[in-house]
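This briefing is meant to be read alongside the sequence and the 3D view. Please keep both open while going through the points below.

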Amino acid sequence: RLQIYLIGVQFDWLDNQRGHVETVRISNFIKNMFVLSIMISLFYPSNLVKLISSIISILLLYFWCTSQHASVVSDIPLPFEGILQKIPDVQPFVILTWQRTGSNLLCGILHNHQDITMHSEVFHARKIHTFHENKWSDSKDWNWTSKSRDEEPETFLKDLLLRTPSLLKRHNNSYDNDHKKNSIMTCSRSQAVGFKLFPEHIRRMGETGDHVFRKMMADPYIKKIILMRKNALEVFVSMKRAALTGKYLKDNYDHLQVHVDPAELQLFLRDYHKCFKCYDEMLKNQATYKIIYEDLVNYRESSMKALLSFLNLDDGHVPKPIEATRKQSSKPMHTAIKNYSELKLCFKHSKFASMFNH
């Protein structure tokens with residue numbers, strides 16, 4: 001299993017394989033041999049040895065070049081017709097992101113803004129997640145279930161974006177003054193409505209979900225916010241910890257260490273970065289707002305003001321996050337991963353090596 005192309009920086013060798021540490025060591029040996037053969041071909045006095053060394057160097061270089069795996073995002077055709085087909089009364093938006101990238105934090109802040117009707121994972125497999133479930137669970141005007149949503153996802157999405165702000169306003173107006181005074185967010189003058197979307201929300205619905213997704217992405221009336229976390233290793237570890245504990249909010253799991261399989265991590269990194277490249281490709285002709293999780297944590301005020309301005313909303317005051325979205329882990333990655341040193345060695349010569357510098 002001598003994968004010669006590891007002498008280069010490109011690092012696409014892990015896919016569903018094993019023995020990665022051994023392969024890295026072998027590749028380092030091959031790289032050193034490559035350098036040695038170059039030196040011999042340049043400085044050794046014997047012409048025959050020079051010729052042989054030159055041939056070996058060329059062969060090594062050829063195998064490396066032909067073994068590169070380029071990740072290309074092809075042109076994605078989008079339908080001309082969008083979801084809404086008209087200018088809505090309030091500004092619809094979608095947060096395109098990946099789980100464990102800080103979407104709960106961002107959605108919680110937006111939920112606390114008085115001009116925003118914020119929903120959550122409305123296309124989750126088991127449930128329509130929203131901050132306002134208790135306000136319309138008994139409403140005759142809203143009878144969507146996860147089953148009916150999956151049967152008519154496009155109609156559901158239109159209903160969500162066009163009708164829920166007025167439904168919530170009607171609900172809030174029916175409350176007495178004391179209740180409204182104590183409410184965190186009354187939606188009394190909602191000017192925007194949004195939800196978040198993960199890749200798995202689309203994949204699980206097959207062709208129907210893909211069709212609705214493409215129409216939504218093509219719709220210029222629905223503004224797109226892309227939320228990404230720079231350190232994908234932290235995303236992956238957070239996903240594993242949350243899956244093991246079943247705790248996706250509040251609970252601290254600094255005490256929990258996980259074992260990370262290098263091949264599994266490599267596949268995740270491929271899909272993670274391909275996903276965001278796909279978003280960029282699909283939205284290259286639309287205005288989007290990109291927000292980095294690390295900036296949201298460290299520069300919350302400025303990041304949120306820019307986002308609110310993108311939605312044409314009042315950016316004079318940035319709300320606080322909701323209590324449930326406090327950070328679940330604060331310790332460095334080397335304390336969270338059992339085989340951290342092994343992983344660091346595996347990715348030493350890759351473009352992902354910087355993930356292990358924190």
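Helix H3, residues 103-111, is largely enclosed by the rest of the structure, because eight of its nine residues are buried. The model in which this is seen is a predicted one. The protein chain as a whole has 14 helices and five strands, and buried residues account for 49% of its 358 residues.

**Helix H3 and the chain as a whole**

- The buried residues of H3 are Ser 103, Leu 105, Leu 106, Cys 107, Gly 108, Ile 109, Leu 110 and His 111.
- When contacts in the protein chain between residues at least 6 apart in sequence are considered, 74% of them join residues at least 24 apart.

**The sheet and its order**

- Five strands form an open sheet in the order S2-S3-S1-S4-S5, and their pairing is parallel.
- Strand S2 (116-118) and strand S5 (288-292) stand at the edges with a single partner strand each, so one side of each has no neighbour in the sheet.
- From one strand to the next, the twist of this sheet averages 25 degrees.

**Strand S3 and its partners**

- Strand S3 (residues 192-197) runs parallel to S2 and is joined to it by three bridges; within this pairing, Ile 116 stands opposite Ala 192 in S3, and Met 118 has Gly 194 in S3 as its bridge partner.
- S1 and S3 also run parallel, joined by six bridges, and Leu 96 stands opposite Leu 197 in S3.
- S3 is mostly covered, since six of its six residues are buried.
- Ala 192, Gly 194 and Lys 196 point one way from S3, whereas Val 193, Phe 195 and Leu 197 point the other way, and all of them are buried.
- In general, the side chains of a regular strand alternate between the two faces of the sheet.

- S4 and S5 are paired in the parallel sense over five bridges, and Ile 226 stands opposite Lys 290 in S5.
- S5 has a covered face, made up of Tyr 289 and Ile 291, and an uncovered face, made up of Thr 288, Lys 290 and Ile 292.

- Helix H13 (residues 300-310) lies across S2, S4 and S5, and runs at about 165 degrees to S5.

- Ser 120 lies in the loop between S2 and helix H4 (133-136).
- With a relative accessible area of 13%, Ser 120 is buried, because that value is under 20%.
- Once its neighbours within four places in sequence are left aside, Ser 120 is in contact with His 129, Thr 130, Phe 195 and Lys 196; Phe 195 and Lys 196 are among the buried residues of S3.

**The cavity**

- The structure holds one cavity of 30 Å³ or more, and about 50 Å³ of space lies in the largest cavity.
- The largest cavity is lined by Phe 123, Pro 153, Leu 157, Leu 197, Ile 202, Met 205, Gly 209, Val 212, Phe 213 and Met 216.
- Helix H6 (153-173) and helix H9 (206-218) each supply at least two residues of this lining, and the largest share, four residues, comes from H9.

**Pro 153, one of the lining residues**

- Pro 153 has its place in helix H6, and it counts as buried at 4% relative accessibility.
- Not counting residues up to four places away in sequence, Pro 153 touches Phe 123, Met 205, Thr 208 and Val 212; Phe 123, Met 205 and Val 212 also line the largest cavity.
- Pro 153 and Thr 208 are 55 residues apart in sequence, and their C-alpha atoms are 7.9 Å apart in space.

Definitions and conventions. Residues are numbered from 1 along each chain as its sequence is written. This is a predicted model: local features need pLDDT of at least 70, side-chain atom pairs count only at pLDDT 80 or more; totals for chains, interfaces and linings use all residues. Side-chain values use heavy atoms; hydrogens and water are left out. Two strands pair if DSSP finds at least two bridges between them. Axes are lines fitted to C-alpha atoms, for helices over the stretch in contact, and angles run from 0 to 180 degrees between N-to-C directions. Contact means heavy atoms within 4.5 Å. On a 1 Å grid over the protein atoms alone, a cavity is a set of points where a 1.4 Å probe fits but cannot get out, and a pocket is an open set with protein on both sides within 12 Å along at least five of seven lines; lining residues have an atom within 4 Å of a point. Grid points are joined across faces, edges and corners, and a volume is the space filled by probe spheres set on the points. Buried means under 20% relative accessible area, exposed over 50%, partly exposed in between (1.4 Å probe, protein chains only).
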